[in-house]
Amino acid sequence: FRQLADERKGSNSDNWLSALNYLESFTGGSLKFSELTEQVCRDFRQFLFDTPSNRTARTTLSQNSVVSYFNKFKAALKQAYKSGYLQTDLNARVDGVKQAETHRQFLNLEELQTLADTPCDNPLLKRAALFSALTGLRFSDIQKLTWGEVCQSEQRGYYLQFHQKKTGGAEFLPISEQALGLLGERGEPDAPVIQGLIYSAWENAKLKKWLLAAGITKELTFHGFRHTYATLQLTLGTDIYTVSKMLGHRDLKTTQVYAKIVDETKRAAADKIKLNL
């Protein structure tokens, strides 16, 4: 498990190390292949549900955190069987944990336009947020994006060529001229496209203030602008496969949650037209 964790990069590495910490707590720091049974695997799954979170000791892990950590444990079991360390494919014999549905906040096009028209105490934050809404990029990827990764060609137009911080995956992402305009004057290849961009609880308070100034009362974090991009793309007719690729998702199932949001939005829109019959 440590070996597999060491091979990971970015935030995926952090998640593997967190899962490793919980496995070490469960086992006392040592577990032999000969000691692995289906019941031990199930006991670890239950341990994840019952144990206090390392971040907030007063609460247990969220279901989606349990899903993430137990999936990594199952991935280690799968690799151990493939490598011949286990004689039984325990991964196939032990059920995983069902992902909990989460409510993803997003802005509709009218709200996004209102927000774009509203001044923000932090102009850098505003530029980054609108850039995220126009490209679907996470804050971490915008923060590390350099001018050398902003490209243009006659055939492809403007595009970003970068590695996702979360997954380490190499990405090719077409962007609009409007999105490019938010980045300002081009700098040196190694220079960040938005110099001095940071995000903290203090900046999140400024984000909330900006939203309220625009008359938007939704509980939106910065990541909500990525949700906004995905939802608007689907609402405006972009097929889900393309949206999935634009977001850098490895699995189409990850993108399907947005399709459900769009279906709910369409349902609400259908109910808006009423006649006195």
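Axes are lines fitted to C-alpha atoms, for helices over the stretch in contact, with angles running from 0 to 180 degrees between N-to-C directions. In this predicted model, the axes of helix α6 (residues 109–116) and helix α7 (residues 123–135) come within 11 Å and cross at roughly 155°.

**Helices α6 and α7**

- Angles over 145 degrees count as roughly antiparallel, and α6 and α7 are therefore roughly antiparallel to each other.
- The crossing of α6 past α7 is left-handed.
- On the α6 side the contact is made by Leu112, Leu115 and Ala116, and on the α7 side by Lys126, Leu130 and Ala133.
- Five of these contact residues are nonpolar, none is polar and one is charged.

**Helices α11 and α12**

- α11 passes α12 in a right-handed crossing.
- Arg226, Tyr229, Ala230, Gln233 and Leu234 of α11 make the contact with Ile240, Val243, Met246 and Leu247 of α12.
- The residues of this contact comprise seven nonpolar, one polar and one charged.

**Model confidence**

- The protein chain has an average pLDDT of 89, and 96% of the residues score at least 70.
- Within the protein chain, confidence is highest in α7, at a mean of 96, and lowest in helix α13 (residues 252–270), at a mean of 78.

Definitions and conventions: Residues numbered from 1 in each chain as written. Predicted model: local features only at pLDDT ≥ 70, side-chain atom pairs only at ≥ 80, totals over all residues. Heavy atoms only, no water. Helix = DSSP H or I, 4+ residues; strand = E, 2+ residues; numbered from the N terminus. Parallel < 35°, antiparallel > 145°, perpendicular 65-115°, else oblique. Left-handed = near helix turned anticlockwise from the far one by under 90°. Contact = heavy atoms within 4.5 Å. Nonpolar A, V, L, I, M, F, W, Y, C, P; charged D, E, K, R; others polar. pLDDT = per-residue confidence, 0-100.
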